[in-house]
Amino acid sequence: MECTWTGNQNKLPNITGYWKKDGNEIDSRLTVPLENEQYNLKGVFDIVGEESLGNYSCVFGSEAKIEFVLAAPQMGEVRDKPIVSYAGDSVVIACKMEEPKPKPSTWHWYKANGTDKALIDAAAEPHRYQIHSEGGKSTLTVRNLTQADAGFYYCGAVYLISTSLGRLEVRVITFLEPLKPFIAIVVEVLVLVAVILLYERKSKKKSITGSQKTKKEKRENSGGEESSSVRQRKV
Amino acid sequence: MLPKEHNSETKAAVMGLFRRDATTTKKEKEKEIQYVDPPDGGWGWMVVLHCFLVNVLVMGTLKSFGIFFVAFQDEFGGSAESISWIGSIMSSLRLSGAPLASVACAKLGTRVTSIVGAVLVSGGFLMSIFANNVVFLYISMGVIVGMGFALLYQGFSVVTALYFRKRLATAYAIGRSGMGLTFALAPFTQLLLDQYAWQGAMLILGGLMLNLVASGMLLRPIYVKPSTTSTPTSSPVQKSPAASLKSSSDKEYPKSCVNGNNSSHLTNGISKSDSFPSPPPPCHWDTENPAGQSTQDPQDRSVNPELTKLVLNGVNGHEPHHDLSPGKPRSPDSSIELNGSMNGSTIVGFSSHASTPGEVPVRKAKVLDFSLLKDPFFCIYTWSLVFSQLAYFIPYFHLSARARTLGIDAMDASFIISVAGITETIAQLASGWVTDRNLFHKYHYHKAYLILCGLVNLLSPLANSYILLMVYAVFFAIFCGGYMALLLPVLVDLVGSEKLNNSMGFSMFFVGLGCLTGPPLAGFLYDYTQTYDCSFYLAGICYLLSSVSLFMEPLAQRWQARRKRAQAKTAESGWKTNGCFTPDPVHKGAV
């Protein structure tokens, strides 16, 4: 890693520079000369494993600090809302590494067990778990869900230097849960239908009794008109 | 035929009717038919409520269907295209299923049709819970739900047209404004999905659709006095429809009375036996004295061809099932008299036996009335509708994409669309209210809106910034809402509320065909030209095309009037030779 600083108002010919990792000094302090109006500080570090990752900073005197973050590629977007599925059903959870980032060598899936993570071994229980990994994507299928399967799952993208984790939540519900609002709605509909039917019946009774009177009158009238029309036609 | 003979035949028919009358009296008591004027309010507002609910739920489902997309893809693992077919089947069947819906309306009644539609929709949703592959969803969500939507749509449109005449535009606009609320249904669906997974969401949505059953029961059947449906067509003067209705109704009352006999047969939901409408009492005074009233003769004669159609429908066979109004015994008389062109014995034969089997095949032919396709007004309307609906979807589809290419970010783009949606809803209400003021014929408004829509779209490629795009969206929404609110009223004006059932069925079918091609065509244009401007040009041209046919309306009126006169002349000659009345030797040789 290389830091370059253009200096401040007092262009001192020499300045001390050193590297820090996670806030702790590493290596000895160096004297950095001013070359071409710039101070250059270079550091070479071997990345051997997870311990080599962290926040590196190069410090110039007591005035300038530049930070580097060395880490494995971060996991792509994962669902932050819980994935809901039904008991007895199966659920598919997926993790994805963003496109331009390097693909992991392999994927691991873990189930949270309290504070621990237990590795899921798909080969051991093929009827329950199935892991399908392809380059930057991986999916875990859990079959025959039970309440015990609910909780947090971790997907790990394994790189040489470390593993990136993503966390997903799975919720298992029974069919009764959505059934409750459904039944509430059905009851409401039945009530409405009953109310409308009653209203219709009431208004029908009123109109029938009312119209029966008018019908009788009409019938009397029509009898008379009948004969008159026939008479007219004869003309 | 000598007058005396004719009279005795008449008498026999009348006596026969009386006998049948006595037996069917009981039936009538329960099913009293009251003929009322369209209430233009009162219970009609309940119908509008149902209409509103249908629009909210149906259009909401169609629009928020995309939310289920990801869930279905996860569950069934199909390609994006195969999953999107579900939505396409649903929305296209809503339109293409309309002829079937109109048959159902005619046979079962609008109330039953709406309830069946609601049951189909919720049943489809509930069935989809058990889906285990995409094809199952094609059928349960696509076909069943789509057909249910079609039935619901047909039901409420026809009933709204019956309940409202003067305020049809307002009522229809209020009902349609339910579409504006669909934006609320999308987040709700998302919430359901998050809480209960797609199966639970389907379950609850299916339950919500059951509410449509309850509101469908509000569609009380109403038997409307036949109106002067041919008024807009026959009055050459460009009076406001309401005024012209009143003035010409005086002239054409006898015509419309018998028209009522004919066309109300096709009215929604009037099923065979007991609901045959009798002409209103004053009518009989007219048909009673055709000889004496020479001034009415031409009009009566012009009715003949329609009345012959009436007889073909076997309607006469239903006379016995009339309720007891003074008009009843008269109807066979009038039809016999006026149908001089028909074989007299055939008519009596029809009226003397109410045998349903003999009439059913003829009835079926009228339920799906293909002759409507030759009706010039229907053609005008359908042409206009197909192009305007084709053009309607394109701007909405491509507006957000265009915004993105112009560098506007997604949040602002969706803001434009929601503003457009709200503006459209308000514009619909305003347009409906304004149209009901009746300053001009409704189709003039319709024309104006369509032309303005077309112009706005043609000018839209000039909009390059957020503000201009917003301006375009607002104007487009205003004009769009304007013409949308008038879709039903214009159809009622052109075709008449009696033929509404059939004409809606057919026009929706053609619209469905058009809608299938709209968005893919626009997409193809984009792929070809790599710019969204072309789709807006296409939309603008389609709107202008759709307004063109409406200019032909006066021509169609004149054509129709000429045809009616020609038919009247031929009928008149036949009528004269039958000798129902003292033949006029002067006219015998004419025609």
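In this predicted model, helix 20 of chain B contacts helix 21 of chain B through His446(B), Tyr449(B), Leu450(B), Leu452(B), Cys453(B), Val456(B) and Asn457(B). Their partners in helix 21 of chain B are Tyr472(B), Phe475(B), Phe476(B), Phe479(B), Cys480(B), Gly482(B) and Tyr483(B); contact means heavy atoms within 4.5 Å. These residues comprise 11 nonpolar, 3 polar and no charged.

**Geometry of the helix pair**
- The axes of helix 20 (residues 442–459) of chain B and helix 21 (residues 466–484) of chain B come within 8 Å and cross at roughly 155°.
- Helix 20 of chain B and helix 21 of chain B are therefore roughly antiparallel, a term for angles over 145 degrees.

- Gly155(B) belongs to helix 7 (residues 134–163) of chain B.
- Gly155(B) counts as buried because its relative accessibility is 0%, the limit being under 20% relative accessible area with a 1.4 Å probe and protein chains only.
- Beyond neighbours within four places in sequence, Gly155(B) is in contact with Cys105(B), Thr110(B) and Ser114(B).
- Cys105(B) is 50 residues from Gly155(B) in sequence, with a C-alpha to C-alpha separation of 6.7 Å.

**Annotated span in chain A**
- An unreviewed UniProt entry places a "transmembrane region" at residues 181–199 of chain A.
- Residues 181–199 of chain A are 100% helix and 0% strand, with end C-alpha atoms 27 Å apart.

**Conventions**
- Residues are numbered from 1 along each chain as its sequence is written, and chains are lettered from A and ligands numbered from 1 in the order in which they are written.
- Local features need pLDDT of at least 70, side-chain atom pairs count only at pLDDT 80 or more, and totals for chains, interfaces and linings use all residues, while side-chain values use heavy atoms, leaving out hydrogens and water.

Definitions and conventions
Axes are lines fitted to C-alpha atoms, for helices over the stretch in contact, and angles run from 0 to 180 degrees between N-to-C directions. Helices (H or I, at least four residues) and strands (E, at least two) are DSSP runs, numbered from the N terminus. Angles under 35 degrees count as roughly parallel, over 145 as roughly antiparallel, 65 to 115 as roughly perpendicular and the rest as oblique. Ala, Val, Leu, Ile, Met, Phe, Trp, Tyr, Cys and Pro count as nonpolar, Asp, Glu, Lys and Arg as charged, and the others, Gly among them, as polar. UniProt positions are given in the numbering used here, feature names are shortened, and annotations may be inferred rather than shown by experiment. Buried means under 20% relative accessible area, exposed over 50%, partly exposed in between (1.4 Å probe, protein chains only).
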